Amino acid sequence: HRDHGIGMFLGLITNKSSGGDVQEALSIKYADGGLIRLDVRRLDIIDFYAPAGSSNVELDSLQRKGSWARRCSAAKRRAEDTIDHILNLYVQRSDVCRAGFVSGGKMENDFLLSFPYQDTQDQSSAWASIAQDLSSSSPMDRLVCGDVGFGKTELAIRAAFRVVLGGMRVVVIAPTTILANQLFTAFYSRLNPFAVNVEMVSRFRSKKDVKGVQKKIMLGDNDVVVGTHAIL
């Protein structure tokens, strides 16, 4: 509750007014046993916090008025600390320079033409922005958002191809093993015909195979490594 903090939703209560109108209200219980009833027309001032039975959920008190205010102040301070941290990171990154990855010319053009589908307008726009980022002397810091099947992976593959043409190597980290396998398949099928070496590290690979990939990384004998955090 925006004003009273975290409480436990008990259910809906229905009352009839003296005029016969039916009124519905949410019943919310707090730590001291206090109850409030919130008219369903005021749902804009409440938010879902956690499912019933969740551990480590501390209810606020209606009697101790300062408990919810202290939570809000602490959350605000944490948010401000995070903002300061991010701003400092941007300042540090602005001082970092590298050689830009310029267009790979005919080879890159051939690679782009080998994509079996027509780019969507958003895909073309995103690739133009990514290509510009790569060609600059500052590290790229870009987030690409899109629904499943909108072509995000192809954009990542194109970026990897340009970096490899520029003489550097690429690491692609995925949050799950299944996604790592899917990305490996996509990267390998697109890049291998252009003589780009693609390897994978995940728990599905044997220790021997992973050690082989590690050796290639140390010797600089690979171009792209796809995997989970196991890569780190």
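**A tour of the salt bridges**

Start by selecting Arg 205 and Asp 209: their side chains meet in a salt bridge, with 3.8 Å from N to O. Keep in mind as you look around that this is a predicted model. Colour the pair by accessibility and you will find Arg 205 partly exposed, at a relative accessible area of 26%. Asp 209 is partly exposed as well, at 34%.

Next, select Lys 216 and Glu 199, which form a salt bridge whose closest N and O atoms are 2.7 Å apart. This pair links distant parts of the chain: Lys 216 sits in helix α6 (residues 207–219) and Glu 199 in strand β5 (residues 198–201), 17 residues apart. Which of these two partners is buried? It is Glu 199, with a relative accessibility of 11%, which is under the 20% cut-off. Lys 216, on the other hand, is partly exposed at 31%.

Now move to Asp 44 and Arg 42, another pair whose side chains meet in a salt bridge, here at 3.6 Å from N to O. Asp 44 counts as exposed because its relative accessibility is 55%, over the 50% cut-off. Arg 42 has 37% and counts as partly exposed.

For the last stop, select four residues together: Asp 119, Glu 154, Arg 158 and Arg 190. What links them? They are joined in a network of salt bridges.

Technical notes. Residues numbered from 1 in each chain as written. Predicted model: local features only at pLDDT ≥ 70, side-chain atom pairs only at ≥ 80, totals over all residues. Heavy atoms only, no water. Buried < 20%, exposed > 50% of the residue type's maximum accessible area, 1.4 Å probe, protein only. Helix = DSSP H or I, 4+ residues; strand = E, 2+ residues; numbered from the N terminus.
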